[in-house]
Amino acid sequence: MTWYQAVSHCEQQGEPYVLVTVLGVTGSVPREPASKMVVTGERSYDTIGGGHLEYRVCQQARARLAGRQFGTELTHFPLGASLGQCCGGSVSVLLETHPGCEQRLVVFGAGHVARALITVLGQLPWRVTWVDSRADQFPEQLPGNVRRHLTDDPVGDAPDLCDGAQVLILTHNHQLDFDLCQTLLNAGRDSGLGLIGSDTKAARFRQRLAHRGFSDEVIARIRCPVGRRDVPGKRPMEVAVSIMAELLTLTAVSPGTETRRGLQWKELRGLITSAPEGAPNE
(Lines give C-alpha, C1' and ligand atoms only; values in the text may rest on other atoms or scores of the structure.)
Protein backbone atom coordinates (compact mmCIF):
# COMPACT_ATOMS: atom_id res chain seq x y z
CA MET A 1 0.00 0.00 0.00
CA THR A 2 1.43 3.41 -0.96
CA TRP A 3 1.46 6.27 1.53
CA TYR A 4 -1.49 8.01 -0.13
CA GLN A 5 -3.49 4.78 -0.20
CA ALA A 6 -2.63 4.33 3.49
CA VAL A 7 -3.86 7.86 4.31
CA SER A 8 -7.15 7.12 2.54
CA HIS A 9 -7.42 3.78 4.35
CA CYS A 10 -6.76 5.30 7.78
CA GLU A 11 -9.17 8.17 7.18
CA GLN A 12 -11.90 5.77 6.12
CA GLN A 13 -11.24 3.47 9.08
CA GLY A 14 -10.98 6.38 11.52
CA GLU A 15 -7.57 5.05 12.59
CA PRO A 16 -4.98 7.47 14.04
CA TYR A 17 -1.82 7.76 11.93
CA VAL A 18 1.32 9.78 11.38
CA LEU A 19 2.21 11.08 7.94
CA VAL A 20 6.01 11.30 7.68
CA THR A 21 7.57 13.57 5.07
CA VAL A 22 11.24 14.14 4.25
CA LEU A 23 11.45 17.93 4.04
CA GLY A 24 15.16 18.46 3.48
CA VAL A 25 18.42 16.55 3.17
CA THR A 26 22.14 17.22 3.22
CA GLY A 27 24.86 14.97 1.88
CA SER A 28 24.30 11.34 1.03
CA VAL A 29 20.83 10.09 2.08
CA PRO A 30 18.56 7.11 1.28
CA ARG A 31 15.63 9.13 -0.14
CA GLU A 32 15.06 12.59 -1.56
CA PRO A 33 12.85 15.40 -0.21
CA ALA A 34 9.08 14.82 -0.51
CA SER A 35 9.48 11.08 0.19
CA LYS A 36 6.67 9.99 2.48
CA MET A 37 5.46 7.11 4.62
CA VAL A 38 2.55 6.47 6.98
CA VAL A 39 2.90 5.03 10.47
CA THR A 40 0.06 3.63 12.59
CA GLY A 41 0.11 1.96 15.97
CA GLU A 42 0.55 -1.44 14.34
CA ARG A 43 1.95 -0.98 10.85
CA SER A 44 3.89 1.25 8.51
CA TYR A 45 3.27 1.92 4.80
CA ASP A 46 5.72 3.01 2.11
CA THR A 47 9.25 4.06 3.05
CA ILE A 48 11.59 6.99 3.61
CA GLY A 49 14.65 4.82 3.08
CA GLY A 50 14.59 1.99 5.57
CA GLY A 51 17.35 1.19 8.02
CA HIS A 52 17.79 2.67 11.47
CA LEU A 53 16.52 6.08 10.33
CA GLU A 54 13.12 4.62 9.48
CA TYR A 55 13.15 2.57 12.68
CA ARG A 56 13.76 5.68 14.79
CA VAL A 57 11.14 7.67 12.89
CA CYS A 58 8.56 4.91 13.47
CA GLN A 59 9.46 4.84 17.17
CA GLN A 60 8.98 8.58 17.45
CA ALA A 61 5.74 8.48 15.47
CA ARG A 62 4.28 5.72 17.65
CA ALA A 63 5.32 7.56 20.80
CA ARG A 64 3.32 10.55 19.56
CA LEU A 65 0.32 8.33 18.82
CA ALA A 66 0.52 6.67 22.24
CA GLY A 67 0.82 10.07 23.94
CA ARG A 68 -2.01 11.53 21.86
CA GLN A 69 0.33 14.28 20.69
CA PHE A 70 -1.71 15.26 17.68
CA GLY A 71 -0.31 17.98 15.47
CA THR A 72 3.04 18.55 13.75
CA GLU A 73 6.66 18.11 14.72
CA LEU A 74 9.81 18.86 12.75
CA THR A 75 12.98 16.98 13.67
CA HIS A 76 16.48 16.28 12.32
CA PHE A 77 18.34 12.99 12.09
CA PRO A 78 22.09 12.77 11.35
CA LEU A 79 22.89 9.63 9.38
CA GLY A 80 26.09 8.88 11.19
CA ALA A 81 27.23 6.78 14.09
CA SER A 82 24.17 7.53 16.24
CA LEU A 83 21.88 5.84 13.69
CA GLY A 84 24.32 3.20 12.55
CA GLN A 85 24.08 4.36 8.94
CA CYS A 86 27.15 5.23 6.92
CA CYS A 87 25.48 7.66 4.49
CA GLY A 88 27.00 10.61 6.32
CA GLY A 89 24.23 13.06 5.48
CA SER A 90 21.27 14.32 7.48
CA VAL A 91 17.51 14.30 7.06
CA SER A 92 14.86 16.78 8.20
CA VAL A 93 11.55 15.05 8.79
CA LEU A 94 8.05 16.40 9.37
CA LEU A 95 5.72 14.26 11.49
CA GLU A 96 2.02 15.07 11.09
CA THR A 97 0.00 13.17 13.69
CA HIS A 98 -3.68 12.76 12.85
CA PRO A 99 -6.14 11.62 15.54
CA GLY A 100 -8.46 9.73 13.21
CA CYS A 101 -11.86 9.23 14.78
CA GLU A 102 -12.21 8.05 18.33
CA GLN A 103 -15.95 7.51 18.04
CA ARG A 104 -16.86 3.85 18.32
CA LEU A 105 -20.35 2.53 17.75
CA VAL A 106 -21.83 -0.93 18.25
CA VAL A 107 -25.09 -1.62 16.40
CA PHE A 108 -27.16 -4.64 17.41
CA GLY A 109 -29.53 -5.83 14.72
CA ALA A 110 -29.29 -5.93 10.94
CA GLY A 111 -32.84 -4.95 9.99
CA HIS A 112 -34.08 -2.18 7.69
CA VAL A 113 -33.22 0.74 9.98
CA ALA A 114 -29.78 -0.65 10.80
CA ARG A 115 -28.98 -1.18 7.10
CA ALA A 116 -30.03 2.40 6.34
CA LEU A 117 -27.93 3.64 9.25
CA ILE A 118 -24.86 1.75 8.04
CA THR A 119 -25.22 3.53 4.68
CA VAL A 120 -24.91 6.86 6.50
CA LEU A 121 -22.11 5.67 8.78
CA GLY A 122 -20.11 4.52 5.77
CA GLN A 123 -19.65 8.20 4.88
CA LEU A 124 -18.28 9.04 8.35
CA PRO A 125 -15.01 8.05 10.04
CA TRP A 126 -16.73 6.30 12.97
CA ARG A 127 -15.48 2.81 13.83
CA VAL A 128 -18.53 0.57 13.75
CA THR A 129 -19.18 -2.99 14.94
CA TRP A 130 -22.38 -4.45 13.49
CA VAL A 131 -23.81 -7.39 15.44
CA ASP A 132 -26.39 -10.00 14.48
CA SER A 133 -26.90 -13.75 14.67
CA ARG A 134 -28.25 -14.00 11.10
CA ALA A 135 -25.54 -14.12 8.47
CA ASP A 136 -27.97 -13.59 5.60
CA GLN A 137 -29.07 -10.22 6.99
CA PHE A 138 -25.72 -8.58 6.34
CA PRO A 139 -25.07 -7.13 2.87
CA GLU A 140 -22.22 -8.67 0.91
CA GLN A 141 -20.27 -5.42 0.82
CA LEU A 142 -19.72 -3.36 3.96
CA PRO A 143 -18.20 0.12 4.24
CA GLY A 144 -14.52 0.08 5.16
CA ASN A 145 -15.16 1.40 8.67
CA VAL A 146 -17.76 -1.29 9.53
CA ARG A 147 -16.83 -4.64 11.03
CA ARG A 148 -19.36 -7.48 11.00
CA HIS A 149 -19.71 -9.47 14.24
CA LEU A 150 -21.70 -12.63 13.60
CA THR A 151 -22.57 -14.38 16.87
CA ASP A 152 -25.13 -16.74 18.36
CA ASP A 153 -24.71 -15.00 21.74
CA PRO A 154 -25.01 -11.23 21.29
CA VAL A 155 -25.99 -10.75 24.93
CA GLY A 156 -22.93 -12.60 26.19
CA ASP A 157 -20.64 -10.71 23.81
CA ALA A 158 -22.18 -7.31 24.57
CA PRO A 159 -20.14 -6.09 27.60
CA ASP A 160 -16.75 -6.52 25.92
CA LEU A 161 -17.92 -5.34 22.51
CA CYS A 162 -19.48 -2.19 23.95
CA ASP A 163 -16.71 -1.18 26.34
CA GLY A 164 -16.26 2.57 25.85
CA ALA A 165 -18.53 2.70 22.79
CA GLN A 166 -21.86 4.22 21.89
CA VAL A 167 -24.48 1.48 21.54
CA LEU A 168 -27.63 1.19 19.44
CA ILE A 169 -30.08 -1.66 19.98
CA LEU A 170 -32.10 -2.07 16.78
CA THR A 171 -32.97 -5.77 16.78
CA HIS A 172 -36.14 -7.52 15.57
CA ASN A 173 -36.78 -9.17 18.95
CA HIS A 174 -38.16 -7.31 21.98
CA GLN A 175 -36.89 -9.89 24.44
CA LEU A 176 -33.41 -9.69 22.95
CA ASP A 177 -33.64 -5.91 23.21
CA PHE A 178 -34.54 -6.21 26.88
CA ASP A 179 -31.80 -8.72 27.63
CA LEU A 180 -29.22 -6.47 25.95
CA CYS A 181 -30.42 -3.45 27.92
CA GLN A 182 -30.29 -5.35 31.21
CA THR A 183 -26.82 -6.74 30.50
CA LEU A 184 -25.37 -3.41 29.42
CA LEU A 185 -26.86 -1.53 32.37
CA ASN A 186 -25.33 -4.09 34.69
CA ALA A 187 -21.95 -3.79 32.97
CA GLY A 188 -22.03 0.02 32.87
CA ARG A 189 -19.10 0.14 30.46
CA ASP A 190 -20.65 1.76 27.36
CA SER A 191 -20.63 5.51 26.74
CA GLY A 192 -24.26 5.75 25.63
CA LEU A 193 -27.20 3.46 25.01
CA GLY A 194 -29.98 4.00 22.47
CA LEU A 195 -32.96 1.70 21.96
CA ILE A 196 -35.36 1.76 19.04
CA GLY A 197 -39.05 1.63 19.88
CA SER A 198 -42.19 3.53 20.78
CA ASP A 199 -43.08 5.44 23.94
CA THR A 200 -45.14 2.40 24.98
CA LYS A 201 -42.14 0.09 24.60
CA ALA A 202 -40.00 2.54 26.58
CA ALA A 203 -42.52 2.61 29.44
CA ARG A 204 -42.75 -1.18 29.55
CA PHE A 205 -38.97 -1.58 29.58
CA ARG A 206 -38.61 1.00 32.37
CA GLN A 207 -41.20 -0.89 34.44
CA ARG A 208 -39.57 -4.29 33.87
CA LEU A 209 -36.11 -2.92 34.68
CA ALA A 210 -37.41 -1.24 37.85
CA HIS A 211 -38.89 -4.57 38.97
CA ARG A 212 -35.41 -6.06 38.58
CA GLY A 213 -33.92 -3.52 40.95
CA PHE A 214 -32.52 -0.90 38.59
CA SER A 215 -32.77 2.66 39.87
CA ASP A 216 -34.50 5.43 37.92
CA GLU A 217 -31.10 7.08 37.39
CA VAL A 218 -29.60 3.95 35.82
CA ILE A 219 -32.69 3.25 33.69
CA ALA A 220 -32.55 6.83 32.41
CA ARG A 221 -29.29 5.98 30.65
CA ILE A 222 -31.39 4.31 27.94
CA ARG A 223 -32.54 6.71 25.24
CA CYS A 224 -35.84 5.34 24.00
CA PRO A 225 -37.29 6.13 21.54
CA VAL A 226 -33.82 6.70 20.12
CA GLY A 227 -33.35 9.57 17.68
CA ARG A 228 -34.19 13.23 17.40
CA ARG A 229 -37.87 14.04 17.90
CA ASP A 230 -37.56 17.07 15.60
CA VAL A 231 -36.56 14.88 12.63
CA PRO A 232 -39.87 13.55 11.24
CA GLY A 233 -40.64 10.43 9.22
CA LYS A 234 -40.92 6.69 9.74
CA ARG A 235 -39.15 5.34 6.67
CA PRO A 236 -35.97 3.41 7.55
CA MET A 237 -33.69 6.09 6.15
CA GLU A 238 -35.64 8.86 7.91
CA VAL A 239 -35.32 7.01 11.22
CA ALA A 240 -31.63 6.37 10.52
CA VAL A 241 -31.02 10.08 9.86
CA SER A 242 -32.84 10.93 13.10
CA ILE A 243 -30.65 8.49 15.06
CA MET A 244 -27.44 9.72 13.43
CA ALA A 245 -28.36 13.35 14.13
CA GLU A 246 -28.82 12.48 17.80
CA LEU A 247 -25.49 10.65 17.93
CA LEU A 248 -23.63 13.51 16.30
CA THR A 249 -25.16 15.95 18.77
CA LEU A 250 -24.28 13.75 21.76
CA THR A 251 -20.68 13.21 20.69
CA ALA A 252 -19.87 16.67 19.35
CA VAL A 253 -16.73 18.25 20.77
CA SER A 254 -16.88 21.97 21.45
CA PRO A 255 -14.20 23.85 19.50
CA GLY A 256 -11.42 25.34 21.59
CA THR A 257 -10.53 29.01 21.71
CA GLU A 258 -6.89 28.51 20.71
CA THR A 259 -6.23 30.25 17.37
CA ARG A 260 -2.55 29.31 16.92
CA ARG A 261 -2.20 25.88 15.34
CA GLY A 262 0.60 23.87 13.77
CA LEU A 263 4.24 24.90 13.65
CA GLN A 264 4.80 28.61 14.23
CA TRP A 265 7.37 30.63 12.30
CA LYS A 266 9.43 31.32 15.44
CA GLU A 267 9.68 27.59 16.08
CA LEU A 268 10.58 26.84 12.46
CA ARG A 269 13.18 29.60 12.31
CA GLY A 270 14.74 28.49 15.60
CA LEU A 271 14.88 24.89 14.46
CA ILE A 272 16.43 25.81 11.12
CA THR A 273 19.07 28.10 12.60
CA SER A 274 19.95 25.61 15.33
CA ALA A 275 20.78 22.88 12.78
CA PRO A 276 23.29 24.32 10.29
CA GLU A 277 24.52 22.15 7.46
CA GLY A 278 26.98 19.59 8.65
CA ALA A 279 25.86 19.76 12.28
CA PRO A 280 22.18 18.70 12.38
CA ASN A 281 20.52 18.10 15.71
CA GLU A 282 17.97 15.43 16.65
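Helices (H or I, at least four residues) and strands (E, at least two) are DSSP runs, numbered from the N terminus. The structure on display is a predicted model, in which local features need pLDDT of at least 70 and side-chain atom pairs count only at pLDDT 80 or more, while totals for chains, interfaces and linings use all residues. Residues are numbered from 1 along each chain as its sequence is written, and side-chain values use heavy atoms, with hydrogens and water left out.

**First stop: the antiparallel sheet**

Select strands β1 to β5. These five strands form an open, antiparallel sheet in the order β3-β2-β1-β5-β4; two strands count as paired if DSSP finds at least two bridges between them. Residues 44–46 (β3) and 71–78 (β4) are the edges; each has a single partner strand, so one side of each is left without a neighbour in the sheet. From one strand to the next, the twist averages 25 degrees.

Next, select residues 36–39, which are strand β2; three bridges join β2 to β3, and the two run antiparallel. Here valine 38 stands opposite tyrosine 45 in β3.

Contact means heavy atoms within 4.5 Å. Helix α2 (residues 51–66) also packs on the sheet, touching β1, β2, β3, β4 and β5 (90–98), and its direction makes about 155 degrees with that of β4.

**Second stop: the parallel sheet**

Select strands β6 to β11. Six strands form an open sheet with parallel pairing, in the order β8-β7-β6-β9-β10-β11. At its edges are β8 (146–150) and β11 (222–223), each pairing on one side only. Within the sheet, β6 (residues 104–108) and β9 (residues 166–169) pair over four bridges, and valine 107 stands opposite leucine 168 in β9.

Select residues 154–161 and 174–187. These are α4 and α5, which pack at an angle of about 35 degrees with their axes 9 Å apart. The contact is made by Pro154, Val155, Ala158 and Pro159 of α4 together with Leu176, Asp179, Leu180, Thr183, Leu184 and Ala187 of α5.

**Fourth stop: pockets and a cavity**

On a 1 Å grid over the protein atoms alone, a cavity is a set of points where a 1.4 Å probe fits but cannot get out, and a pocket is an open set with protein on both sides within 12 Å along at least five of seven lines; lining residues have an atom within 4 Å of a point. Grid points are joined across faces, edges and corners, and a volume is the space filled by probe spheres set on the points.

Select Ile196, Gly197, Pro225, Val226 and Val239, the closest to the centre of the largest pocket among its 25 lining residues. This pocket holds about 510 Å³ of space. The elements giving two or more residues to its lining are α3 (112–121), α5, α6 (199–211) and α8 (236–251).

The second largest pocket holds about 200 Å³. Residues to select in its lining include Gln13, Arg104, Arg127 and Leu161. At least two lining residues come from each of β6, β7 (127–132) and β8.

Finally, select Phe108, Gly109, Val131, Asp132, Ser133, Pro154, Thr171, His172 and Leu176, which line the largest cavity. Its volume is about 50 Å³.

Note on methods
Axes fitted to C-alpha atoms, helices over the stretch in contact; angles between N-to-C directions.
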